[in-house]
Amino acid sequence: MVKDSTSIKKRRKNTAPTENEGEGDIYTKVVEFEEKESAQRAAEDDANIYFDLCKNIRNYLAEVLLLKQENTNESRGRIQKGLSESCVMIAVLKKLNRLDKFRTITSRENLNTEKQKVDSTNLQYHNLLYEAAHLASEYTKCKQFKSKDEDIELVPVETFLQLAPELMTQQFKTGELTDAKRHQLHLAMLEWELTQRKAQAQLCDTFEEEKKHLATDIVALKNRLEGIGPKLTAVLEASKPLQEYLGLPIDKIQAEHRLAYLLPEPLYLLYALTDAYKQVYNINMEVEILGDYDEANQWKEMHQSLDMKVDVESEPEADQQEIEEVVEVVKKRRHRKISQVDKNEEKKKVLLESHPLCVQITMNVKSGFVLKVKFMFRPQLNIVTVTSSTDVPNTITANTAREALIGESILNELLDEDFGTESPNPSTSYQLQRVGFTSFAALVPKLGFAYNWAQKICGYDFLSIDKNQCNKPDPACVELIIKSIYRRLKSRIDLALQLQHLEQNLIPTIPDTVEYPKNAESTLTKWVLYSWQNYCQLPATAQLIENEIVQATDLFYSATISRPKATLQAVIAIKNNYPLKSPIFSLTLKYNGEFHGGNSDEIRDMERAVNLGWSTAISSASWVLSAQLRHLCSFLDVYLESLTPSVFPQKTVFFKSVSGRNRRKPFKFRKIGAGI
Amino acid sequence: LRQIIYQKELKMLNKNFYNTILSQTFTPCGNYLVLGDVYGQIWVFHLSKIIKPDNSTQQERLPKNVFTIEEDVQINSLVTTDNFLVVGTEGNVYGYHWKVIKSMKECKPAWKVTIPSNRDKLEKCDVNCMTYNKSTESLYLGCGDNNIYLMKMEAGEIIQTLNGHTNYIHSLCNIGNELVSGGEDGLVNIWDTRIKNIVNKIEPSKNDKIARPELGKWIGAVGFNEDWLVCGGGPRLSMWHLRTLNTSVIFPIENRGIHIAEFKENRILAGGTADYFYNLNINGDVISEIPISSVTIFSAIHQDDPFNVLCLAGSS
């Protein structure tokens, strides 16, 4: 109620400010007074008063009650008095209440103010706390701070001191480095570093520029070059007529060379060497490459990516598979066999195939005699095989003569013991075995001969099984081989010419430089080819065969020299390297019995005289055989005449029919006058 | 008796294939065999290595020394004296010191004697056979010019010439003062060296049983001991009594010419162009025969120590 009144009062104050100014003043004074009062008076006291009053009221009320019950006039008077007293008491109560209210208000206000203070200090405290924390974090941050400059690599101090300009470094050179100085130093270093790096970056830029320039230049030049190509071919085309006019077959050579690049290695080597040889020596020899260009190209591409040898080696696995599968059903087995056979055939084919290109060397000697030697490369077997063919002019009709010249045997034994029937590559025998061939010799007719010298001039050098071969002269020299082929060809031609005459029973003419007995009674009556089997059966040849002087690969002929009543049969073995080894005669005399070297000293002497002592130079190829035959004729004369001069009148001139302890006949020929 | 048949193996047809050994001799110590062939070469072999082939290798059986005396000249005869190897070739007689022969170096002759010849130089005179008399130190040479020369070793010169043959001399044999010579003319002459004249002569080819006209009348070999003389050649091998000159035995051996006939103790060694080399006794029986591989044997020599060997050599 007090509140209401005060609020009413205040309202009144507000609504009637003008008239309430004075009231306002009163009110404010009253309020002030009351405030003071509340402050002054002790609360406890007031509390006690209150209780007392309350008590009094209660007592009065009680009294009233009693009085009321009594309901007398005294009581009504007392009640009235009591009423006024109680009203006063209530007023006092009111006052007290008001005072109390004031007190609560002031205490509340005090409380509020205190609260506010506390709050603010609290806030301050919090603020400080936060700041402290903040500072702490800042501190740690600072501590953790790595300045960017730590990442920068700096040159060591000494270098810096040396390299940087004087101004900067001077302060550091003198005196100790305090922290501040160190910092300065650091700064200075950083600065310097910066300047240096800037300079470097600039350099880099300039270089990049240059590089770009150069790149563009290169591109330009390339384009130009590419343009030259077609121009040059145009020029070449234009120059063709000029070439023809001057006789320089450059184009032809180019075409050949183009083909040459497709040759397999060994053949290429051969081609290069023989071409060079031909150019240097300028002899009657031609080297050409035979074969198809496209095929060769194809072959090359096919083999560049594949490793053919892998195919062959996967065979054992294939074989195993075959074996497993054979365990299956019979029908399938048959099928398998067929394919197995096919596979085998294929393998054989693959093994034996040759490179599509081959090198052919053509040699011309004299008129009409041409020898063509063809070199083929077998890549699987890794050897070079040779086939040769000779073109012989029609003047040579005799069988024996042709025999001596025709293809196969002409290149046999060009060098010692080199027949070409065995592959010089030791691994060939394994390869052949795997595929089912028995030996290389059987394949020779198909493949050609695999001569050792052919391998060597093509650059292959196989380890030979026979160690003795190491000591022989190295046939790697193309010159040597070609010269020996030439020599062989020439000597064979000479031999063939002689044989040609001999078949007609004419002993060919011998150059005058050679001495030989010109007059002889005995004459050549027969000349035929002889076979190795027949040769072996003659008793006259037994010693030669036993001593391995004569072999099955030599050429054999039989000549018969006769004089009436007596015949001398001579079996002649001509070795492949005629005339390096002179022909070997084995004589059998049929007169009064059969005599030969095995049972007659005289015949043995005759053999000695006819077999030994001839010149083995190449130039002698044209007359050795004829000279031997002529000598033989006169020997026969001497023998017969010295034996039985009665039957055979003496036509040859000799001094003594026998001489010496061994009673030898005069078989030595010396040219004195007509001859002895 | 053991035998060596000598063969040379070569793969080249060269002159050695057709070689013929005409003469052999042993060194004085008996350890080496010296051979002379028709090409003028002397071959020296280690006997011990050849006799026991198991103990030696192929290398060791090769000749110890080979050298040429004269190119292409037959070495017809070899004789051993104490100091020299005497070699008779065509036209000359050479003497070589034994040390030189046995060493491997170049051999040069110690001395050389040329046979006097009055023919023109077309045909040289072969020294077909030689025999050495130790006691008188003289060498008899039977030569191709139909003469026998006597040469003294110290003098080194030919002292005497003995004429008595009309064709060249094949063989000589000398014991003490008697010298027997056989020649191509078919004569066997018996000489006395003191008087230097023919004492006796035999012509076997005149005897029908002995003669073999298809082979000729030449006497290839003569040999004799105190009582008996054996000779043969074209004619059959026959034995004659020295004093009476009667034919005693005609040896029935198969041959086509005798080149060797020699007395050894009580037996006769004979051989030539035949399939066998014969060892015969004086009755004419064949005691043993040795098969030979060459066509003809021209030389047979034997020794008893240090090795008991008989060496046969000829045309192989």
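Q: Lys206(B) in this predicted model: is Lys206(B) buried or exposed?
A: Go by relative accessible area, where anything over 50% is exposed. Lys206(B) comes out at 61%, so it is exposed.

Q: And which residue does Lys206(B) form a salt bridge with?
A: Start with the general idea: side chains of opposite charge can pair when their charged atoms come close. Here the partner is Glu203(B), with the closest N and O atoms 2.7 Å apart. Glu203(B) is partly exposed, at 27% relative accessibility.

Q: How many salt bridges does the structure hold over all chains?
A: There are 5. Among them is the one between Asp192(B) and Arg194(B), whose closest N and O atoms lie 3.3 Å apart. Asp192(B) is buried at 15% relative accessible area, whereas Arg194(B) is exposed at 60%.

Q: Now helix H22 of chain A: how many of its residues are buried?
A: Buried means under 20% relative accessible area. In H22 (residues 601–611), 10 of 11 residues are buried, including Ile603(A), Met606(A) and Val610(A).

Q: What do those buried residues of H22(A) pack against?
A: In chain A, they pack against strands S7 (566–574), S8 (584–590) and S9 (594–596), plus helix H23 (624–643). Strand S26 (297–303) of chain B joins in too.

Technical notes:
Residues numbered from 1 in each chain as written. Chains lettered and ligands numbered in written order. Predicted model: local features only at pLDDT ≥ 70, side-chain atom pairs only at ≥ 80, totals over all residues. Heavy atoms only, no water. Buried < 20%, exposed > 50% of the residue type's maximum accessible area, 1.4 Å probe, protein only. Helix = DSSP H or I, 4+ residues; strand = E, 2+ residues; numbered from the N terminus. Contact = heavy atoms within 4.5 Å. Salt bridge = Lys/Arg side-chain N within 4 Å of Asp/Glu carboxyl O.
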